[in-house]
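Colleague: I'm new to this one. Could you walk me through how to read a helix and its surroundings?

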Amino acid sequence: WNGRTPLPLITVLLLRHDPVRPALSGLPRYGLRCAAVLRTRFTELLGLTYPVMSAPMALHSGGRLAGAVSAAGGLGAFGGIYPGKGPDWIGAEVDAIRAAAGERPFAIGFITDFVPMFEPLFEATLKAGPAVVALSFGDPQAGLQRIRDAGIRTMCQVQTFEQGDRA
């Protein structure tokens, strides 16, 4: 909790007896079913159900994982850098996300300093139109205008307060 976001409002939806799964003591087990309503600037801005984002790690996340996270109400993301892959790969990953999550928002992430080496993948990302392009580990200024011009939100991962101010 960051001190600025309101604490979650917990709403108890149902308290019921569950005769199928009795407690170990032999007494009936009562299942408490509740839904947490946590609204943050992050959920409001992107229309998310939960303030959760999967990490857009290059070579470790893809469209299947991102699609599952987005379908569940978070912001699914995958890393847009993959050596040896071309723009069609971005399209296939985006197709996998949309097959799983429909039009729910998702993100594609890039290590900022590597964008020039993977320009075809970055361009394919802008054409694919994710809700967010995430930039990490560098000064994001070089790509910000192109992302804005494509009508996409930018998320920056920063390592210092100074970088946070610039982002």
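Colleague: What covers the buried residues of H4?

Modeller: Buried means under 20% relative accessible area, with a 1.4 Å probe and protein chains only. Helices (H or I, at least four residues) and strands (E, at least two) are DSSP runs, numbered from the N terminus. Here the cover of H4 includes helix H3 (87-101), strand E4 (106-111), strand E5 (132-136) and helix H5 (141-149), counting contact as heavy atoms within 4.5 Å. This is a predicted model, where local features need pLDDT of at least 70 and side-chain atom pairs count only at pLDDT 80 or more, while totals for chains, interfaces and linings use all residues. Residues are numbered from 1 along each chain as its sequence is written, and side-chain values use heavy atoms, leaving out hydrogens and water.

Colleague: Which residues of H4 are buried?

Modeller: In H4 (residues 119-128), they are Leu121, Phe122, Ala124, Thr125, Leu126 and Ala128. Glycine 129 follows the helix, with a positive phi near 70 degrees.

Colleague: At what angle do the axes of H4 and H5 cross?

Modeller: Axes are lines fitted to C-alpha atoms, for helices over the stretch in contact, and angles run from 0 to 180 degrees between N-to-C directions. Those of H4 and H5 cross at roughly 30 degrees and come within 10 Å.

Colleague: And which residues in H4 and H5 meet?

Modeller: From H4, Glu119, Phe122, Glu123 and Leu126 meet Gly143, Arg146 and Ile147 of H5. That contact has three nonpolar, one polar and three charged residues; Ala, Val, Leu, Ile, Met, Phe, Trp, Tyr, Cys and Pro count as nonpolar, Asp, Glu, Lys and Arg as charged, and the others, Gly among them, as polar.

Methods. Buried < 20%, exposed > 50% of the residue type's maximum accessible area, 1.4 Å probe, protein only.
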